[in-house]
Protein chains: 2
Amino acid sequence: MKISLMHGAGGEVMGEVIDLFLKISNTNAGGIGLESLDDGAVIPIGNKQLVFTTDSHVVRPLFFPGGDIGRISVCGTINDVAMMGGKPIALSCGLILEEGFEFDDLSRIIDSMDKALSEENVSLVTGDTKVLEKGALDKIAINTAGIGVADTIIRDNGLMPGDNIIVSGTLGDHGFAVLASREEFDFADQIISDVAPLSGMVQSVLKIGKINAMKDPTRGGFASAINEMAKKSGVMVRIHEEEVPIRSSVRAASQLLGIDPLEVANEGKVVMGVPAEDTEAVLKALRSHRYGRDAAIIGTVTKGKGVIMETTAGGERFIETPIGDPVPRVC
Amino acid sequence: MKISLMHGAGGEVMGEVIDLFLKISNTNAGGIGLESLDDGAVIPIGNKQLVFTTDSHVVRPLFFPGGDIGRISVCGTINDVAMMGGKPIALSCGLILEEGFEFDDLSRIIDSMDKALSEENVSLVTGDTKVLEKGALDKIAINTAGIGVADTIIRDNGLMPGDNIIVSGTLGDHGFAVLASREEFDFADQIISDVAPLSGMVQSVLKIGKINAMKDPTRGGFASAINEMAKKSGVMVRIHEEEVPIRSSVRAASQLLGIDPLEVANEGKVVMGVPAEDTEAVLKALRSHRYGRDAAIIGTVTKGKGVIMETTAGGERFIETPIGDPVPRVC
């Protein structure tokens, strides 16, 4: 068997690679380990709960409306720490470059990393650089790993019947921004990636309300994230289509391309399950933050299983886990 | 300006890339940061000293005598944690694959990672997989980041006049094993990589003696490591050529190829500066460990600067910092 693009697309096929890693003897260092397949691991260090996570970034193009590979490589890892309830402290950076890569582009990328790190007051403390001969890599790949400390650990499996499902803003922006930019569509400059670091916003929410479960809808989009949350939590989720915030430009592109905005990656959004009594406070806290202005309650959690969309037309359909992400190299 | 292979070769040219990272606003999270350019960072977490480090691995061939890219990706990061005095706890793995990569090869590689992790009782707790389209990557790249806890932090800048320089075994094995394997030389099967995880050995030494400075001589080999240690410590190092352990097969290959075994990467060795009074105990502890059987005292630290080789023939020459590593993609 050979590795296919779907093995890296965030959907079900990727499970075949994950299963190889799960055969490793030790996948847990005392807290939450690889076997949980959550956004990051948790490890007790002395009297603290350390969150540890990693992501590699290979997005194309390197520079797109709203961001670039540098910003995404910082935000992706900060957000994975944040999704576990962690306050990120430091990142590592493993850089792989192709011989001939423009030094000025690298400088722009690192400058962009700096800006994203500074937004959340996170340090880049350690790194590594490798250069491959011409042709051995398409330009650049950036890995970051991140550590943070969590007072309250939030899992992706904690949805409870009665919870409201909140998203922190419009869905599909990043996937369509990358796609539009890559294909040079007419509407390319109207769709801006949402790539942003969310730990400040999430930490401010955690101060005022309870979050039962949380995940960032990256590869595979909202459809993948909400199905994973529902399945792990052993609950059903009902989504109200008319409440789902989607930009009109994204909706137009989605109709033109026949790609569901709920199945493409977001890089600056969070999906939360929030108890009814905390919902208004959480929503208010989200909306008061620059990255949560379009936050909305889009559904509810009930007993049962599966994710159902109550459509604007009055019908119902399942939101399925996508096999992958329809946009290759989206992050 | 364009990125050249030398930007990833571990020598002085790499400084141009490192300088870009050093412009980042926050490179230190309260302990030892990127600006120290040591083997890893140290971050105070509660009442503990956390060591945090990363390496990406792109070695060719993927399988070589004595190891493979899986083993090296685990050992490289475990050893960087170990070199800071840290006891490694957990690793992350960021995997990038080329479409079409053989699933069985991936399975072998992950199995090899498991064996190396198990040797040191380290967990692989979090990961990420990306797949690039055919032609966008030469087969596979593996990033690992690692965390550990240090009771005693060891720096690479702590050499003191009067210290003895100890190496934990023969030098040049990994670089020549990779080179010989790649070029299919006649002697290819006689040179075995030393790739090994060293934290157990280093921790056992720390229990019985003092280490003033420590570094693993990876890219750029011993010549690069000892020069960095001497320069950062503000001391001179004198090496006695006849004491430097080099396997006869490595010596033969080195003469044939005109490559200095002191300038190629080791992946299972450590260079230490040890006070005179601790030297015998440290040497004994090293030699009692499977990865330190050939440990030797090869030099001394004095006031001054630079690294001098006292040759077997009775002369003296400087050991210079190599511009890079003569073996591309050695790790």
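Helices (H or I, at least four residues) and strands (E, at least two) are DSSP runs, numbered from the N terminus. The structure described here is a predicted model, in which local features need pLDDT of at least 70 and side-chain atom pairs count only at pLDDT 80 or more, while totals for chains, interfaces and linings use all residues. Residues are numbered from 1 along each chain as its sequence is written, chains are lettered from A and ligands numbered from 1 in the order in which they are written, and side-chain values use heavy atoms, with hydrogens and water left out.

For the complex, the predictor gives an ipTM of 0.97 and a pTM of 0.97.

In chain A, an unreviewed UniProt entry places the feature "domain: PurM-like N-terminal" at residues 38-150; UniProt positions are given in the numbering used here, feature names are shortened, and annotations may be inferred rather than shown by experiment. Over residues 38-150, chain A is 28% helix and 47% strand, with its end C-alpha atoms 15 Å apart.

Some backbone features occur in loops. The peptide bond from A:Arg60 to A:Pro61 is cis, with omega near -5°, and A:Pro61 is placed in the loop between strand 2 (48-57) and strand 3 (63-64) of chain A. In chain B, the bond from B:Arg60 to B:Pro61 is cis, with omega near -5°. A:Lys139, although not a glycine, has a positive phi of about 70°; this residue lies in the loop between strand 6 (123-132) and strand 7 (140-150) of chain A.

In chain B, the axes of helix 4 (residues 173-183) and helix 7 (residues 248-257) come within 10 Å and cross at roughly 60°. Axes are lines fitted to C-alpha atoms, for helices over the stretch in contact, and angles run from 0 to 180 degrees between N-to-C directions. B:Asp173, B:Phe176 and B:Leu179 in helix 4 meet B:Val250, B:Ala253, B:Ser254 and B:Leu257 in helix 7, where contact means heavy atoms within 4.5 Å.
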